[in-house]
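Hi,

Here is the model I promised to pass on. Have a look, and my notes follow below.

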Amino acid sequence: MSDLYHHIRSSQGIEEYQLKSNDLKVLMLKDQSTPVATFMVTYHVGSRNEAIGYTGSTHLLEHLMFKGSRNYNKEKGTAIWDELQSIGAQINATTWNDRTNYFEVVPSEHLEKAISIEADRMRYSFIKDEDRQPEMTVVRNEYERGENSPFDVLDKNVWATAYQAHPYHHSTIGWRSDIENVSTERLKEFYDVYYWPNNATATVIGDFDKEKTLNLIAKYFGEHKKSEHKIPTVYTEEPLQEGPRRVVVKRSGQAGIVAVAHKTPEGLHSDTHAIHLLGKILCDGKSSRLHRKIIDKGLATSLFMYDFPFKDNGLFITYAFLTPDTEQQVVEDIILNEYDSIKTDGVTQKELDRAIAQTKATVAFSRDGSYAVASALNEAIAIGDWQFYTSYLDKIKSVKTDDIKKIATTYLFEDASTTGWFIPKN
Amino acid sequence: MSFSEKVFIDKSLKGLTTFVIPTQIKDVVTISGSLKGGEYHAKSYNSKIASLSGSMLDKGTLNKTKHEISETLESLGADISFVVSNHHINFTAHCLSKDLETVITLLSDLLQNPSYKDEELSVLKKRLIGNLKRSKEDTKKQASINFLSELYPENHPNARYSIDDTIKMVENVSSEDIKQFHQQAYGLGSFNVVAAGDVDPDKFNKLIIGELSNMQDQGINLKIDTPAPKESLQNEVRFNIIDKTSCDMFIGQTVNINEDHSEYYSLMMGIYILGGNFSARLMQTVRDKQGLTYGIGSGLAGCSYGVNGHWYTWGTFSPELLNEGFKATSDQIKSWYDNGVKAEELSSKKTTFTGSFQVGLDTTSGLVDRVLTNAEKGRELDFLDNYNELINDLDIKKINEAIKKYIKPENLTKSVAGSID
């Protein structure tokens, strides 16, 4: 192995290294099924690192990171999109609560180009005011498109009601007035605080030569020093919720929506796996409890729940999209009654086995293609430990029926709830 | 080794072709398949009969209740889904390799023995109508329906019905209608199945052929009649939906060409240079330089199965920037039409296509989609082997001639939906 790196640990074929010169972490998984590789850089900065006045900055900055850097820019005829799309790469970036990631899925022979581009924009992005101005209206249209959707609007309101102090209060896209008014200087400051090798993980999955790739990463990223400042951490904690909360959104529309949310612990908490299985028993698939009681009765057109593990606390939310004549209260009562039933009577072994089988298949398919693996690792990196991905299935398999009953009782109680209704106005 | 050499093809059962692509992924298999006979083929009486025939397949068979079906699948972590498109009845399944036999047996039962019970149809119709009513507030859907209604007469394969008309059609479907359609359309003849992943070709073929060998031949008329599209005129349709912060806009016209035409790929590439991806002209100018939209693109659609389709440009704009966005888009279209595309743009997009082809093979879904689409279009597998050559042979002169020949910028239809009044 290259002496430029420390080998940190390995798990399920994934190897972790750290570049000695600047602490950049590197994850690698070789898979030569097809001549394709995914290169992804995950930064530990997301909308959780924002505050009033610059909500949405992480995302707006992500957009500006495509506008040009020292070696990759329009003036040189090497614009990032042109360079990568001309080789057929799938390329994009995403921002969420706890992280920002940039990725390229490339024919293997072009892996060096992806590495070179990501290294260049890690410290040499232009972030010019003349670029921010047109990009602000682009992002504003992205925000406007989201606002077209009653679900998006209700979801933002549920999070904003459930979280008051913690920055999960605001959505990743931010508030409109912040998108419009944040200054380029503030974005540049944000970049200079967080975009450093010692706050990032580079992931390489697919068809590549290990030694050669490690050397390329060292060649391109190794020119950056680690930050001279300590990367700031978020110290704001959400105060204890001491009573149920409700939020109602009224807007032109055709049918109602119900959301029932409860606070969950941080993603790396040992209860996370049981919470995931509880969600599957309640809502995943046509044989799930709420599907039988709501969809099969024609009370809703669709139903889903999400419980994404985040770095800090999260939400366990069930959404029901109602059929036109269904009243919100009817479906809300059914959801809460089912929660109560699990708290009282627990779940059957058969239900748990089914939820575990569904998760096993999901994990197996999460290895289908280099991007799928990189994407799953990206979310694990974001919550603080990439081995969350490799240890996930073993922990899922160890959950017992009593654990499900216990976590339902622990988390699904009224005083920790936030209920949202979308009421269509004609 | 060429791509086609990695695919195991079997045609031993008349009317069924299987394609099996073993890959190095462990433990999982993706299966997709289709047979001709979509909404278009039920159009003369009620096209929603076709789509409901597919949506009802997992609601119970003569052998299993809907809960037995879902419990069987979910206890394995597997899934089977059905979608009926304009031309095909499609299905997709994902499962662990060890469960392949159970999933194929169940898939076969769903396809061949649906119970089509009245009470299940009633619940499904209620949900479907709920979804349709919700889609009335969808700016993209409304703009698209109005755009296509301006381009095509009602009996054209590419025509779309209004949401209110679609709701009426759903209301009128009976279980008897569906049973009759099922009897005619679900059979051997145009049946293609593709499997990719950790799968043994011999074992897969033995399973699927054994299960489907008792199917009757399709009795449905699969002929596609293509009446002339409406005359292209410069016109505009505006659809107001209140409380929307972003509008959807379509601009375009019908084109007298389909995928089988020798000039199709020249025109397709010319349009791709205008708006096929982020580095194409529309995104580089209207979005990246002028900041007027989050997304804008251009392409050809509805050109498969011998049907001549249309060229469209689609974008989203805030109501305040709609006029400016339309002007900026029109300026780009005019410049593209007047001056043609450049050799360096063509060179760049050729490598985009060839690289994308390679990247698209990275997943089992990417593999099955590519092979199934190719088969549905009646092409031999070597079309995929020769695809890069087809793209690399495209010539700048012919592309610019195709743009001039097929595009009529003076006769564009524009459709906008959103809070515009």
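Into which domains is chain B divided? They are domain 1 (4–212) and domain 2 (235–418), with bounds from an automatic or database domain assignment.

Before going on: this is a predicted model, where local features need pLDDT of at least 70 and side-chain atom pairs count only at pLDDT 80 or more, while totals for chains, interfaces and linings use all residues. Residues are numbered from 1 along each chain as its sequence is written, and chains are lettered from A and ligands numbered from 1 in the order in which they are written.

Back to chain B: the C-alpha centres of domain 1 and domain 2 lie 28 Å apart. Their contact (C-beta atoms, placed from the backbone, within 7 Å) takes 30 residues from domain 1 and 35 residues from domain 2. On the domain 1 side, strands S2 (16–22), S3 (28–36) and S6 (191–197) and helix H5 (139–151) of chain B each give two or more residues; helices (H or I, at least four residues) and strands (E, at least two) are DSSP runs, numbered from the N terminus.

Between the chains, 55 residues of chain A are in contact with 57 residues of chain B. H4(A) gives the most to the chain A side, with 11 residues.

Within chain A, helices H3 (residues 111–123) and H8 (residues 210–221) pack at about 30 degrees, axes 9 Å apart; axes are lines fitted to C-alpha atoms over the stretch in contact, and angles run from 0 to 180 degrees between N-to-C directions. H3(A) and H8(A) are therefore roughly parallel (angles under 35 degrees).

Best wishes

Methods: Two residues are in contact if their C-beta atoms, placed from the backbone, lie within 7 Å. Angles under 35 degrees count as roughly parallel, over 145 as roughly antiparallel, 65 to 115 as roughly perpendicular and the rest as oblique.
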